[in-house]
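Here's a walk through this structure, one piece at a time. Keep the viewer open and follow along.

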Amino acid sequence: MISDSKSTKFYLTAHEKNICPEVKKFLIENKNQISVIDKNKLSENGFSEHLRSESKPWLMDFQSFGHLYQNGSAAHLQQLPSVLLLLNEKEADVAAKLDLPANVTLLHMPVKKGMLKLTLQHSLKQVEKRKRSHIDEEFYRSLFLNSLQPKIVLDPESFKIIDSNNSAAKIYKLKTEELIGSSLDKLHPDEHENLHEEIKKIVAKENSYFKLNYRRNNKILELEYFVNQIKVGNKQLIYFNIHDITKKEKADQLFHEQHEMLRSTLESIDDLFFTLNKDGDFIEYYQPSDQVNLALTSDVFVGKNIYDVGFPLDVAKKYLQTIERVIEEDKSEQIDYVLEAFGSQLWYSARISPRKNALGVAEGVTVLCRDITRQKRTEETLKRARDFYLTLLSDFPSMIWKTNTSKRADYFNKTWLEFTGNDIDTELQTDWVEKLHMADVGVFLSTLLQAYSKKESFQLEHRLIHKSGEYRWVINAGRPMYNLEGKFAGFIGTCYDITERRKAEETLKLQKSAIESALEGILIVQDDGENYPVIYANKEVSNITGISEMDSIGKNFISVIGCPLKTETSRNIISALENKKSFKGEIECSNGCNKKSWRLLYVAPVKNSISSENHFVAVLSDITETKAVENTLRERNKQLQKTNEELDRFVYSTSHELRSPLMSILGLVNLLETEQNSDERDYYLNMITETISRLDKIIHDIIDYSRNSRSDIVYENIDFKGFIDRAMENHAYMEKFDKIRFDIDVKNGVSFLSDKKRIEIMFNNFISNCIRYHNFDKDDPWVRIQVKTSSVNAVITISDNGSGIHEKHIPKVYEMFYRATDRSTGSGIGLYIVKEIIEKLNGKIKIQSELNRGTTFVIELPNFSQKEPKLFMMNSVDAENF
Amino acid sequence: MILENILLIDDSDIDNLVNRKVVENAGLSKTITIEKSAESAIRYLHDIAQNDTGQIPDLIFLDIRMPEIDGFGFLELFEELPEIVHKKTKIVMLSSSVDAEDHKKAMANRFVVHYLNKPLKKESVQKLTQL
């Protein structure tokens, strides 16, 4: 029934007849799915390769099976995909005692159709499985053969290599066919015993690894044998993985080092490193060992989405958006964010870069996440510090400016803006030239230019426009400024308003120069209670004292002002100083060469609210001249007083002298009224006439006197002879004139210049006196007048043998209205006038007289023709002034 | 009342003449003596005080302004005279001076009883008799 044309031929076993028709029918219907073992065939070929590769389940009777089994082809049997074994009852008993492979399914006859079907289906499944396993086996076989890992299979009993791949063959430098079947110990002839020992251990499962050297030509390879024991059928085999570690050792070491380096690098950086996929799921997570959040280990993150790891929603969202963008644009990005952790804020900066697979497609991102909290805090602190210092600068109570490297102002503080009244923008746009006073611009710009070129500090006073529109003086100090990198960044400076100070300075300067140029000596004295040193002396002080300003400073005040020590004045000054009182007084100084000078001194304590030291201010002036003038004035005053007294006396005398004859006349007139006798009346009238002429004479004399004292001197040539003659003519009417013998002797050789009128008066008076006071009792009353002129002078001698003047009267003869005797009928003015005239003409008069013997006057008058007019003029003026 | 003796002291002859005439006309005194200087007047008074006390004048008319010794000088010298002269003689100043000082100074003297200005008048002399 089972046909076989090549492989489809059916073989029926001896039990064929035992197979029920339904089974037969089933088998025929399913002949594509089942193979039937032909006993004969088996006997002929055993299990050929052909059979073994049969992919259908085998149906065989027990005899066929036994045949196979007894031939010891159990291993082959095992290789069959599935065996369906038909058994009768007897055979079933025998089979039960056999150790049958798992792919054998027992079918007890009679076989029911349903059972057969089930079994067949099961077998088909097994076959299918087997088929697949066969493919696998080939796959794995190919893996084994082609593996780059050298592999051999060893029979530990025979020490024969029973299988090997190409890589193994390469190690031993043999062909695979050569290697298979060769003995392992023969490959390692030097390690025979060692090898056997190792294999023993392996069989005893004491070891799974050993190392052997393999000598190949001149090279020794170091081989590592990793061992697995495998069981094929009943046979125990050893499966080796061989590693040629001759090179690998080094590679290992290198790898190890690189690994270590990477590890330590990862550990050493503070950054978190993690990878995320497109959806934000954590793939990997590395964390530096010293990271703050140690609790957040990789377990917490890996496999979770970024939304589920406790990030704030906005941070997670930001991450996802950035990831999307990074992947799309294939460009790294950085995001900063804050996390609240452990009660404080932690700042992170994450660098997100695309993560690509082997094909270069971005599948996700790598994130290098850095904790920048410290940096942020530093930044924050810096910003606060910066703000603080900016505020400090801005609110600083003096004016601050700053210029950049191109000399342009780029900062002004609040104080500055308050000064100028501008807002910052206007201020920055206003050029220096507009801010400064026109007269200061040049100096300022050149100073700034120089400061910039030398990078040096500068200081300068100039005027700056104030918001009021007036210019105010400021002191402007600038210094170069360097940025944090030490690079020149321009200038920074301050301005102080010094207008008030400057005004005060100017006032002070003015005061100082006023004091300096004062026409009085001004000194400032320190009140040290002992030496009273001079601490300031103006120029005039040295003019007065002759002590230079330098020499005055520090010297004792009393000695500087030149007050003689131990005088009352010096004691008074010292006492004033000691009692802090003021002093005013005159000091008489002698400066060495007996030259006396007078100084006026005022000293007053200085009320001082600034210094704790006390001072005096002294005003010193030279009053020597004033004093001299004062003396002169005093003298003149005295003179004037004298003159006044004289005038008084003159008025008194004159009034009396004038009144006296008038009263006499009145008396006579009274007598006349009652006198009847004509002789008596005539007598009275005569007397009246006489008295009147006397009165007239007095008046004339007064006029002469007045003329002499008031009128200017007129110089003319004097003809003495003519004067004397005229004077005598004038007096010829006088009683007893002709009784006198006149002896005139004039030697008028040179021209003589003097005042004509005055000399005329002089001679008139003399001649009148000579006649009036002559002694006519004498036999020969005479008068002798001698005149001798020279270029220098004229000497006039007038003598008589008259009554003379008593000795006691001589000093008084020139006094006004002095009459020495009751005999005289003169006015008492004559000689007074004579003396005045002679004095006026710079002459001299001498008198010599003896009572009853006579009188001689000697008069000396200078000849003005010989005088220097100038000299004379001076004399004249002097004389006038007196 | 008519006085026994009157002394006129004046350096001016005219004034002496005028004064004598007025005194005579007034009939003031029986005798009139004239001295032309203070010095001679003192000498005269001294003489009569010694020799003829009856001649001691009852009244002296004394001029102030005179050469050498003036009226005031006379008054000083008058002090030196004997007591008897002082008791009897009264002095009337007779001067042309209208100076108040002279008047005051003269009136301060204990012997001066009156001060008259020249020229001497009859009425003035008659008034004197009532003293």
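Where is the place of B:Pro119 in chain B? Look in the loop between strand 5 and helix 6 (122-128) of chain B, and you'll find B:Pro119 there. Keep in mind as you look that this is a predicted model. The peptide bond from B:Lys118 to B:Pro119 is cis, with omega near -5°. You can find A:Lys173 in the loop between helix 8 (166-172) and helix 9 (176-179) of chain A.

Back to chain B and its sheet. Here 5 strands make an open sheet in the order 2-1-3-4-5, with parallel pairing. Strand 2 (29-35) and strand 5 (112-117) of chain B each have a single partner strand, so they stand at the edges, with one side of each left without a neighbour in the sheet. On average, neighbouring strands of this sheet are turned by 20° against each other, direction ignored. For a closer look at one pairing, take strand 1 (residues 3-9) and strand 2 of chain B: they run parallel and are joined by 6 bridges. One thing to pick out there is B:Leu8, whose bridge partner in strand 2 of chain B is B:Ile34.

Helix 1 of chain B lies across strand 1, strand 2, strand 3 (59-62) and strand 4 (90-95) of chain B, and it runs at about 170° to strand 2 of chain B. Helix 3 (residues 71-80) of chain B lies across strand 1, strand 3, strand 4 and strand 5 of chain B, running at about 150° to strand 3 of chain B.

Helix 1 of chain B also takes us over to chain A. The crossing of helix 26 of chain A with helix 1 of chain B is left-handed. Which residues meet there? From helix 26 of chain A come A:Glu680, A:Tyr683, A:Tyr684, A:Met687 and A:Thr691, and they meet B:Ile14, B:Leu17 and B:Lys21 in helix 1 of chain B. Sorted by class, the contact of these two helices has 5 nonpolar, 1 polar and 2 charged residues.

Zoom out to the whole contact between the chains, and you'll count 24 residues from chain B and 27 residues from chain A. Between them, chain B and chain A bury about 2000 Å², with 57% of it on carbon and sulfur atoms. In chain B, the residues that lose the most area to chain A are B:Ile14, B:Arg65 and B:Ser96, together 30% of what that side buries. B:Ile14 is one you've already met, in the contact of helix 1 of chain B with helix 26 of chain A.

Chain A has a sheet worth a visit too. Its 5 strands form an open sheet in the order 16-15-19-18-17, and the pairing is antiparallel. Strand 16 (409-412) and strand 17 (458-465) of chain A are the edge strands, each pairing on one side only. Neighbouring strands of this sheet are turned by 30° against each other on average, direction ignored. Strand 15 (residues 399-403) of chain A is joined to strand 16 of chain A by 3 bridges, and the two run antiparallel. Find A:Lys402 and you'll see that its bridge partner in strand 16 of chain A is A:Tyr411. Helix 20 (residues 499-516) of chain A lies across strand 17, strand 18 (471-482) and strand 19 (488-497) of chain A, at about 120° to strand 18 of chain A.

Finish with helix 28 of chain A and two of its partners. The axes of helix 27 (residues 720-731) and helix 28 (residues 756-772) of chain A come within 9 Å and cross at roughly 45°. That makes helix 27 of chain A oblique to helix 28 of chain A, and the crossing is right-handed. The axes of helix 28 and helix 29 (residues 830-840) of chain A also come within 9 Å, crossing at roughly 150°. Helix 28 and helix 29 of chain A are therefore roughly antiparallel to each other, and their crossing is left-handed.

Definitions and conventions. Residues are numbered from 1 along each chain as its sequence is written. Chains are lettered from A and ligands numbered from 1 in the order in which they are written. This is a predicted model: local features need pLDDT of at least 70, side-chain atom pairs count only at pLDDT 80 or more; totals for chains, interfaces and linings use all residues. Side-chain values use heavy atoms; hydrogens and water are left out. A crossing is left-handed if the near helix is turned anticlockwise from the far one by less than a right angle, and right-handed if clockwise. Helices (H or I, at least four residues) and strands (E, at least two) are DSSP runs, numbered from the N terminus. Contact means heavy atoms within 4.5 Å. Ala, Val, Leu, Ile, Met, Phe, Trp, Tyr, Cys and Pro count as nonpolar, Asp, Glu, Lys and Arg as charged, and the others, Gly among them, as polar. Two strands pair if DSSP finds at least two bridges between them. Axes are lines fitted to C-alpha atoms, for helices over the stretch in contact, and angles run from 0 to 180 degrees between N-to-C directions. Buried area is the accessible area (1.4 Å probe) that two parts lose on being put together, summed over both. Angles under 35 degrees count as roughly parallel, over 145 as roughly antiparallel, 65 to 115 as roughly perpendicular and the rest as oblique.
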